[in-house]
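Colleague: Could you walk me through this fold while I have it open on the screen? I'd like to start with how the pieces pack.

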Amino acid sequence: MSTSNQELLAGQHRVMELGIGGLVDGSGSREELSEAVYLLRRHIYVEEAFLFPIIKQDQGRWMALAQMQSDHGDMWPHIESAIYLLQANAPLDDLFPAAQAMLKLLEVHDQREETAIYSVADRYVADANYPSLESLFAATEIPPGWRCLRAPEQA
Ligand SMILES: [Fe+2]
Ligand SMILES: [Fe+2]
């Protein structure tokens, strides 16, 4: 039996909250943080590029989608900063501000999204033109230079 989109995406929320929260409360490791941050970037990509266009066919969800995109835009600079620091092998202390900011945003965003969007995430049905979300996570790296829709302009 395959996992529903709802379960898959909400499960990733828990992994990301744990991995990023672990740095904030001191219980986690660099590896868990790194996994969580890269997952978060891919998670936002799959949501915006594949899931949201399907949900958008329902006009009743437009406001909720706009809120989700705006939340992603708030997270994006912190994701970029964390990835930059991870790649530079910076000390974990230097990653703390970005982790704290991401965690604070995730705690609000994830609950909202699970209620407003994931409750209908299984309207995304894989077919010949739409790979399953599960396979997108397994196989897809995000296109180089891709940024989420509401990412602030780069300085
Ligand atoms: Fe999201
Ligand atoms: Fe999400």
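Colleague: So how do helix 1 and helix 4 run, roughly parallel or roughly antiparallel to each other?

Modeller: Bear in mind that this is a predicted model. In it, the axes of helix 1 (residues 5-25) and helix 4 cross at roughly 150° and come within 8 Å; because angles over 145 degrees count as roughly antiparallel, that is how helix 1 and helix 4 are described. Helix 1 passes helix 4 in a left-handed crossing.

Colleague: Which residues make that contact?

Modeller: From helix 1 the contact includes Ala10, His13, Met16, Ile20 and Val24, and from helix 4 it includes Leu95, Phe96, Ala99, Leu103 and Glu114. By class, the contact of helix 1 with helix 4 has 12 nonpolar, three polar and three charged residues.

Colleague: What does Met102 touch, then?

Modeller: Not counting residues up to four places away in sequence, Met102 touches Ile20, Met75, His78 and Ile79.

Colleague: Back to packing. How do helix 2 and helix 3 cross?

Modeller: The axes of helix 2 and helix 3 come within 10 Å and cross at roughly 150°, which means that helix 2 is roughly antiparallel to helix 3. The crossing of these two helices, helix 2 and helix 3, is left-handed. Among the residues that make the contact are Val37, Leu40, Arg41, Ile44 and Phe52 of helix 2, together with Leu65, His72, Ile79, Ala82 and Leu86 of helix 3. The residues of the contact of helix 2 with helix 3 divide into 10 nonpolar, three polar and two charged.

Colleague: What about helix 1 and helix 2, are they roughly antiparallel or oblique?

Modeller: For helix 1 and helix 2 the axes come within 8 Å and cross at roughly 140°, and helix 1 and helix 2 are therefore oblique to each other. Helix 1 passes helix 2 in a left-handed crossing. The residues in contact include Gln12, Val15, Gly19, Ile20 and Leu23 of helix 1, and Leu33, Ala36, Val37, Leu40 and His43 of helix 2. By class, this contact of helix 1 with helix 2 has nine nonpolar, four polar and two charged residues.

Colleague: Changing topic, where does Asn89 lie?

Modeller: Asn89 lies in the loop between helix 3 (62-87) and helix 4. Although Asn89 is not a glycine, it has a positive phi of about 55°.

Colleague: Why is Asn89 called exposed?

Modeller: Asn89 has 7 other C-beta atoms within 10 Å, and it is called exposed because of that count, since a residue with 12 or fewer falls in that class.

Note on methods: Residues are numbered from 1 along each chain as its sequence is written. Chains are lettered from A and ligands numbered from 1 in the order in which they are written. This is a predicted model: local features need pLDDT of at least 70, side-chain atom pairs count only at pLDDT 80 or more; totals for chains, interfaces and linings use all residues. Axes are lines fitted to C-alpha atoms, for helices over the stretch in contact, and angles run from 0 to 180 degrees between N-to-C directions. Helices (H or I, at least four residues) and strands (E, at least two) are DSSP runs, numbered from the N terminus. Angles under 35 degrees count as roughly parallel, over 145 as roughly antiparallel, 65 to 115 as roughly perpendicular and the rest as oblique. A crossing is left-handed if the near helix is turned anticlockwise from the far one by less than a right angle, and right-handed if clockwise. Two residues are in contact if their C-beta atoms, placed from the backbone, lie within 7 Å. Ala, Val, Leu, Ile, Met, Phe, Trp, Tyr, Cys and Pro count as nonpolar, Asp, Glu, Lys and Arg as charged, and the others, Gly among them, as polar. A residue is buried if 20 or more other C-beta atoms lie within 10 Å of its own, exposed if 12 or fewer, and partly exposed in between; C-beta atoms are placed from the backbone.
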